[in-house]
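Me: I am new to this structure and would like to learn how to read it. Please take one feature at a time.

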Amino acid sequence: MLQDDCLVTTRLFDVWKPSIGEKLVAKREFNNPMDKHAVKVVKDDETVGHLPREFSRIAWYFLARSGEISVEVIGRRRHCKQLCGGMEIPCQLKFNCSNKAQMKRLKELLASKIQV
């Protein structure tokens, strides 16, 4: 299942220069003092950003239940519109899980979270 237009936030300007088409992985981040459901975005075992907080709880629980989330950079970085003080990188997320019931529940949760 694909989720378009997720904005990964980062403050690691000197560590990572994102390029369109680049493949990354999302993982749960334990002991994050800012968000107990933080989901980090990783490149070569190094954290390069995070999924947005309003989306991270769903992703955190999906990962906790043996799901996998791959991240693909689909746009150029830009200044964060929120007060994070960093950069946003447009990404596409791909959710993968062999449990069909879990995938159905994920779709429901995402649909309710994304409705405008």
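Me: How many residues does helix 1 have, and what does it reach from its first C-alpha to its last?

Reply: First, the basis. This is a predicted model, in which local features need pLDDT of at least 70 and side-chain atom pairs count only at pLDDT 80 or more, while totals for chains, interfaces and linings use all residues. Residues are numbered from 1 along each chain as its sequence is written, and side-chain values use heavy atoms, with hydrogens and water left out. Helices (H or I, at least four residues) and strands (E, at least two) are DSSP runs, numbered from the N terminus. The expected span of a helix is 1.5 Å times one less than its number of residues. Helix 1 has twelve residues and reaches 16 Å, close to the 16 Å expected at 1.5 Å a residue.

Me: Which residues of helix 1 are buried?

Reply: Buried means under 20% relative accessible area, exposed over 50%, and partly exposed in between, with a 1.4 Å probe and protein chains only. In helix 1 the buried residues are Phe 55, Ser 56, Ile 58, Ala 59, Trp 60, Phe 62 and Leu 63. Tyr 61, at 34% relative accessibility, counts as partly exposed.

Me: How many residues does the largest nonpolar core have, and which have the most contacts inside it?

Reply: In soluble globular proteins, nonpolar side chains tend to be buried together. A nonpolar core is a set of buried Ala, Val, Leu, Ile, Met, Phe, Trp, Tyr and Cys residues joined through side-chain atoms within 4.5 Å. The largest one here has 24 residues, and Ile 69 and Phe 95 have the most contacts inside it. Strand 2, strand 3, helix 1, strand 5, strand 7 and helix 2 (100–114) each supply at least two residues of this core. Helix 1 gives the most, with six residues.

Me: With which residues is Ile 69 in contact, leaving aside its neighbours within four places in sequence?

Reply: Contact means heavy atoms within 4.5 Å. Ile 69 is in contact with Val 25, Ala 26, Ala 59, Phe 62, Leu 63, Leu 93, Lys 94 and Phe 95.

Me: Which strands does strand 2 join by bridges?

Reply: Two strands pair if DSSP finds at least two bridges between them. Strand 2 (residues 23–28) runs antiparallel to strand 5 (residues 68–73), with four bridges; Leu 24 has Val 71 as its bridge partner there. Four bridges also join strand 2 to strand 3 (residues 39–43), again antiparallel, and Ala 26 stands opposite Val 41.

Me: How many aromatic pairs does a search of the whole structure find?

Reply: A pair of aromatic rings is described by the distance of the centres and the angle of the planes. Rings of Phe, Tyr and Trp (its six-membered ring) pair if their centres lie within 6.5 Å; planes under 30 degrees apart count as stacked, over 60 as edge-to-face and the rest as tilted. The search finds four pairs. The ring centres of Phe 55 and Phe 95 are 6.3 Å apart and the planes are at 75°, so this pair is edge-to-face. Phe 55 lies in helix 1 (residues 53–64) and Phe 95 in strand 7 (residues 87–96), so the pair ties together parts that are 40 residues apart in sequence.

Me: Where is Asn 31 found, and is this residue buried or exposed?

Reply: Most residues other than glycine have a negative phi. Asn 31 has a positive phi, near 65°. Asn 31 is in the loop between strand 2 and strand 3, and counts as exposed at 79% relative accessibility.
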